[in-house]
Amino acid sequence: MFRRKVISSILKHTKEASQIHNLRATQHSFKLFTPPIVKHHFHSFRSHYPILIPKLGRHVGYIRNFSRMASAEAAGHKEGLKLFVTGGARAQKAVGIWLFGSAAWVFSMVVLGGITRLTRSGLSMTDWKFTGSLPPLSDEEWLQEFEKYQQSPEYKRVNKGMKIEDFKFIYWMEYAHRMWGRGLGIMFALPYSYFLHKGFITLRLGLRLSALFALGAGQGFIGWWMVKSGLEEPPSEYSQPRVSPYRLAAHLTSAFAIYSGLVWTALSVVMPEPPAESLTWVRGAVKVRRLALPVGLLVGLTAISGAFVAGNDAGHAFNTFPKMGDVWIPDDIFEMKPLIRNFFENTSTVQLDHRILATATLVSVCALWWSTRKLDIHPAVRSVIGSTLGMAALQVTLGVSTLLSYVPVSLGSAHQAGALTLMTFMLLLNHTVRKPSLSLLKSLPQVVKAN
């Protein structure tokens, strides 16, 4: 029932807003909001558009002028192009800001979740409510929460004798992570309802955002499902209690999926057309796209393997590099039966997998850069490729440093943030080299005209 009402509302307001938008189309050109993470990559546009991008002395000025240029180009060729947002330039900018803000919030959620895990705070709250609840406000309430935690396997086997002051720290970490997630839900839902009411959201965008919102709401259930596995007694008396690596991987993969969906959708809102000024550059983008997509998938697979490293505490084993201890490949990588379990539960195999995937990712990004260095492509595409290479190298450096340092909280959380940043660059690259609309292709010259 709710879904039918949402779709009906989207259709109704989209039709009304489209009529208004058509009346204003002759008076306004599109102005696009450019997210902070791509500001650096459009610096090179200045030399190619000296009229549209004058020397303003400030880097932000380049971005805003490029945005106006790209928007005007999109407006000039919007025939046959399906826009995500109706209502004109202001609506487009407002929705873009909101979506990029939501993506940044998810990014912070992932980093905060990593810190919560690394400080072993995730099992401090032994119950869960979907709507949340107030934290303990009195000494008596704190004692009640502490008594609940004292019944958990983690306290009995790991934190026996913990003082209530130390318990308060891990409790606040977990509480902050949960409430930050609920805050994200409110921050997403309220603007979404407003834009929907104003008729700015098209049916296609509305369905996509509804799916992302549902996935975000499901994250709360997945998170508790994960935590609950760590509150159960370990199978062996010598095992430390920890959450299921499968559930942790599901929780992190879902967060990456939500973030990727928000970033891609936000980019589609603010940049309806990819940067393309000639058919030569479009053909170059096609060649880049054939390489960028598989590399992006490899980056995602490596990030998921990192979740299994975290779930098995595999980062605390084999704290040497490049060898694992005194050998390249440990002897026990296939000791579990059935064989498939080793890739998800065996500490040695899980860490070896992550090392191989991380190395393969760095080599693939290097190959992408090397293969495209002589292609005739748009300066923005070349800039993103170069930045992706730099980020991949930094991420591998962070990973090795984290391993050699026995996973300190600072490096561990930076490594997790680096994985999401590298994913962001791959999303930006794949979005930048996507296929232009047919109307834009028909209007492009063979080569860029010299100024």
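**Pockets, cavities and helix packing in the predicted model**

Helix α9, which spans residues 245–270, gives the most to the lining of the second largest pocket, contributing three residues. The model described here is predicted. The volume of this second largest pocket is about 460 Å³. Its lining is made up of 20 residues, and those closest to the pocket centre are P235, Q240, R242, V243 and P245. Sorted by class, the lining of the second largest pocket comprises eight nonpolar, seven polar and five charged residues.

Four cavities of 30 Å³ or more are present in the structure. The second largest cavity holds about 40 Å³ of space. Its lining is formed by P274, P275, A276, W281, V282, A285, T432, R434 and P436. Helix α10 (residues 279–311) supplies the largest share of this lining, namely three residues. By class, seven residues of the lining of the second largest cavity are nonpolar, one is polar and one is charged.

The packing of two helices was then considered. Such a pair is described by the angle between the helix axes and by the distance between those axes. Helix α13 covers residues 379–404 and helix α14 covers residues 409–432. The two pack at an angle of about 160°, and their axes lie 9 Å apart. Because angles over 145 degrees count as roughly antiparallel, α13 and α14 are roughly antiparallel to each other. The crossing of α13 and α14 is left-handed. In the contact of α13 with α14, 14 residues are nonpolar and eleven are polar, while no charged residues take part.

D331 is located in the loop between α10 and α11, the latter helix covering residues 342–345. The relative accessible area of D331 is 81%. Since a residue counts as exposed when this value is over 50%, D331 is exposed. The position of D331 can also be given relative to T349, which is 18 residues away in sequence. In space, the C-alpha atoms of D331 and T349 are 9.8 Å apart.

Terms used
Residues are numbered from 1 along each chain as its sequence is written. This is a predicted model: local features need pLDDT of at least 70, side-chain atom pairs count only at pLDDT 80 or more; totals for chains, interfaces and linings use all residues. Side-chain values use heavy atoms; hydrogens and water are left out. On a 1 Å grid over the protein atoms alone, a cavity is a set of points where a 1.4 Å probe fits but cannot get out, and a pocket is an open set with protein on both sides within 12 Å along at least five of seven lines; lining residues have an atom within 4 Å of a point. Grid points are joined across faces, edges and corners, and a volume is the space filled by probe spheres set on the points. Helices (H or I, at least four residues) and strands (E, at least two) are DSSP runs, numbered from the N terminus. Ala, Val, Leu, Ile, Met, Phe, Trp, Tyr, Cys and Pro count as nonpolar, Asp, Glu, Lys and Arg as charged, and the others, Gly among them, as polar. Buried means under 20% relative accessible area, exposed over 50%, partly exposed in between (1.4 Å probe, protein chains only). Axes are lines fitted to C-alpha atoms, for helices over the stretch in contact, and angles run from 0 to 180 degrees between N-to-C directions. Angles under 35 degrees count as roughly parallel, over 145 as roughly antiparallel, 65 to 115 as roughly perpendicular and the rest as oblique. A crossing is left-handed if the near helix is turned anticlockwise from the far one by less than a right angle, and right-handed if clockwise.
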